[in-house]
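Welcome! Let's walk through this protein together, one part at a time. Keep the picture beside you as you read.

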Amino acid sequence: MTTLKTSVLGIQFENPFLLASAPPTANIESIDLAFEKGWGGAVLKTITPDNLEMIEASPTYAAFKDHQKVYGFENIELLSHLTIKDWLKGIQFLKKKHLTKIIIASMMAPVQKQQWQNLIKTFNKSRCDAFELNFSCPHGMPEKGIGMAIGTDPELSAQITRWVTEVSKKPVFVKLSPNVTNIVEIAKAVEKAGANGIATINTVQSMMGVNLDTFVPCPSVNGKSTFGGYSGRAIKPIGLRCVAQIRQASKLPILGMGGISTWQDAAEYITLGADAVQICTEVMINGYGIIDSLKKGLLDYLKSKKFKSPKDLKNKAIPQLSSHEQLLKKKKVHPTIDNTLCCKCGKCIKICHESKNSCLAFVKDRIKLDKKYCAGCALCSIVCPQNAIKMQ
Ligand SMILES: Cc1cc2nc3c(=O)[nH]c(=O)nc-3n(C[C@H](O)[C@H](O)[C@H](O)COP(=O)(O)O)c2cc1C
């Protein structure tokens, strides 16, 4: 029997799909609804000490959109606006109603041992299953010396991880930022300091654009803007890279995220080492209901591959990763053109001529390849508007 059930650090997940710490997990009623709809768990919107000021800018979001399709999403949102008391009561309510759902409490505090340890000790008494330390929010918080200001500094990341693991009675995941030169260095530092798992990626620091009439970057908040955090489908390649790099260097469990919108995206994360996945932006755009197709798609796929659970899929792509040096470079692939699909627009010929080697030409109204000059780069198949070119 194939199942979506999996376990991470002894925690039983009914499926590997969690809501990431973000607006879809910002209040108890919404999380309740998400659990009813079938999500395996939720990472709570990041909780801070009650006295940490949290004033939001408006508008908070901007998007990279084309024909109503959102490719990328930018936010300058801060952290949870609920009090610690609200969360403690909420976790109690959610766990009583949804015993099998996983609740991970995301945490952030100023860089003071007592503040971090008090926060953890308070939630030790709650029924949350694990902690996720937010060392990775790229806006607002770094100005206060926290968020990404911690996660870009391996020593500080290790220090806070030690403070937390000293007192934590639950598994501790550290949420890492992609906005570093070497994410593996930070992952190894927190692993050595006692982290039980890694969650990654948080948003990619970004600037969505500039209004060319007013010269105000967006989102414009009273005529000013600031750098934000980029998420959604556009960041999936960065998330996959980060998860794979950490998996190559460490055996720690990984909660992978960044740009997941389909079951295939989730499956790719698992093949590159994720134990479970988290999703935020796709839920913000299309709602909790996407869980049905995520679960069905992944289950059907596991069955088709005769895998018993997501664990059988984990790391499957890792052996196929190598250095550039080790790639077999002498053997080239070449385009084959399906002239029945080709619309004779000539784009492949033009682009090949202007960017590569001029190996394509019209011969008697058909596109012909001169292999001698073909670099095997695949640019022609990428620009073809008809999908008429395959590399073989
Ligand atoms: C509006 C918004 C708010 C977010 N707030 C938090 C947060 O409070 N804590 C946190 O750890 N990550 C936060 N994130 C980051 C997400 O949890 C996630 O790491 C990131 O968006 C990448 O996943 P996605 O591409 O599925 O959105 C936020 C993301 C968005 C878009």
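Let's begin with four strands that form an open sheet, in the order 5-6-14-11, with antiparallel pairing. Strand 5 (61–66) and strand 11 (204–206) are at the edges with a single partner strand each, so one side of each has no neighbour in the sheet. On average, neighbouring strands here are turned by 35 degrees against each other, direction ignored. Such angles are taken between axes, which are lines fitted to C-alpha atoms (for helices over the stretch in contact), with angles running from 0 to 180 degrees between N-to-C directions.

Strands here are DSSP runs of E with at least two residues, while helices are runs of H or I with at least four, all numbered from the N terminus. Two strands pair if DSSP finds at least two bridges between them. Strand 6 and strand 14 (residues 228–231) run antiparallel and are joined by three bridges. Look for Phe-73, which stands opposite Ser-231 in strand 14.

## Where the model comes from

This is a predicted model: local features need pLDDT of at least 70 and side-chain atom pairs count only at pLDDT 80 or more, while totals for chains, interfaces and linings use all residues. Residues are numbered from 1 along each chain as its sequence is written.

## A closed barrel

Eight strands close into a barrel with parallel pairing, in the order 3-4-7-8-9-10-15-16. Its neighbouring strands are turned by 25 degrees against each other on average, direction ignored.

Strand 3 (residues 17–19) pairs with strand 16 (residues 276–279) in the parallel sense, over three bridges. Phe-17 has Val-277 as its bridge partner in strand 16.

## Around the ligand

How many residues surround the ligand? There are 27, and the closest are Ala-20, Asn-75, Ser-231, Cys-280 and Thr-281.

## A partly exposed proline

Now find Pro-110, in the loop between strand 7 (102–107) and helix 3 (113–124). Pro-110 counts as partly exposed because it has 15 C-beta neighbours inside 10 Å. By this count, 20 or more other C-beta atoms within 10 Å make a residue buried, 12 or fewer make it exposed, and anything in between is partly exposed, with C-beta atoms placed from the backbone.

How values were computed
A residue is near a molecule or strand if its C-beta atom, placed from the backbone, lies within 6 Å of it.
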